[in-house]
Amino acid sequence: MATAGRRALAGLWRSVSSAKRCRTELRPSPFLLHCRGLCATGETRENPSLVFRQLFDQSSFTYTYVLGDRQSGECVLIDPVIEMVDRDTRVISELGLRLTYALNTHVHADHVTGTGELKKRSEVKSVIARGSKAVADVHVDEGDTVKFGQFELEVRSTPGHTDGCLTFVLKNQGKAFTGDALLIRGCGRTDFQQGDPGRLYDSVHGKILSLSDDTQLYPAHDYTGQTVTTVAEEKKFNPRLTKPKAEFVQLMSELNLPYPRLIDKAVPANMVCGLQELMK
């Protein structure tokens, strides 16, 4: 009996140990949990009513952003590309949203905005900085807000790449959309379209990197496969904007980059909201 009892206890111990090992092996690693948080590109934890999509154009390496309010159905689109309007409208429709504003962070030189084409299809209003001197339904300045449902985008003027560059801060949601002013580990060029490296440096440090360290930053472009960064990361790792201002100005003045391939077509079209018929 004693021997049988010891055998039964040993078997029970092996079963418990095996169950513990199983739970340990199935438990996600901290790295996996971190990746899951980064890759969840739908709704924020803070407010489940916020709909967020990051879309990409492979030709111009442009990010277009859909921001919507599930309760009201209203949404905005940031930096649409004309060739991708069919995709954008399909995504918005599938999400059950209604486009109210199409925003451009600046007058782009590498693609034609899709704002004009969107206006032909719906009653959407175009938005751009007053300082850009471009045609739009709504011109905004520093401190203005663009509302969609219960959410607001705060307008911050961040010139330097162009006179009319804007950063849109999604209030109380920890996100900002920086256009070409700040890229992931980089920044917009300053050698055309009213570019001014000193002004860009002040804009980025004063209006973007002054946000809370955990603010997520979404650029208008990326050429290396990255999708998002944070204020803390850029303050630590941005190889250009971590330099003193004088060094930054010199670096930007010596880049000697080729002009964008579509600049002669894109800039005139974007000055009239992508509505080329206005150019005639």
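1. The largest share of the lining of the largest cavity comes from strand 5 (residues 125–129), which gives three residues. Strands here are DSSP runs (E, at least two residues) and helices are runs of H or I with at least four, numbered from the N terminus. The structure holds one cavity of 30 Å³ or more, and the largest has a volume of about 60 Å³. A cavity is a set of points on a 1 Å grid over the protein atoms alone where a 1.4 Å probe fits but cannot get out, and lining residues have an atom within 4 Å of a point. Grid points are joined across faces, edges and corners, and the volume is the space filled by probe spheres set on them.

2. This is a predicted model, in which local features need pLDDT of at least 70 and side-chain atom pairs count only at pLDDT 80 or more, while totals for chains, interfaces and linings use all residues. Residues are numbered from 1 along each chain as its sequence is written, and side-chain values use heavy atoms, with hydrogens and water left out.

3. The protein chain has an average pLDDT (the predictor's confidence in each residue, from 0 to 100) of 87, and 82% of the residues score at least 70. Over residues 12–44 pLDDT stays under 50.

4. Among the residues lining the largest cavity are His108, Ser126, Val127, Ile128 and Cys273. By class the lining has six nonpolar, six polar and no charged residues; Ala, Val, Leu, Ile, Met, Phe, Trp, Tyr, Cys and Pro count as nonpolar, Asp, Glu, Lys and Arg as charged, and the others, Gly among them, as polar.

5. Histidine 108 sits in the loop between strand 4 (98–103) and helix 4 (115–121). Its relative accessible area is 1%, so histidine 108 is buried (buried means under 20%, exposed over 50%, partly exposed in between, with a 1.4 Å probe and protein chains only). Leaving aside residues up to four places away in sequence, histidine 108 touches Asp79, Asp180, Ala220, His221, Ala266, Val267 and Asn270, a contact being heavy atoms within 4.5 Å.

6. The second largest pocket has a volume of about 600 Å³. Its lining counts 28 residues, and Ser60, Asp110, His221, Tyr223 and Pro260 are the closest to its centre. A pocket is an open set of points with protein on both sides within 12 Å along at least five of seven lines.

7. Which cysteine has a positive phi although it is not a glycine? Cysteine 273 does, at about 65°. Cysteine 273 is in the segment after helix 8 (263–271) and is buried at 5% relative accessibility. Lysine 133, in the loop between strand 5 and strand 6 (138–140), also has a positive phi, near 65°, but is exposed at 68%. Most residues other than glycine have a negative phi.

8. The count of salt bridges comes to 18, each being a side-chain nitrogen of Lys or Arg within 4 Å of a carboxyl oxygen of Asp or Glu. Aspartate 202 pairs with lysine 245 at 2.9 Å between the closest N and O atoms. Aspartate 202 lies in helix 5 and lysine 245 in helix 7 (residues 245–253), so the bridge ties together parts 43 residues apart in sequence. Asp86, Glu117, Lys120 and Arg121 are linked in a network of salt bridges.
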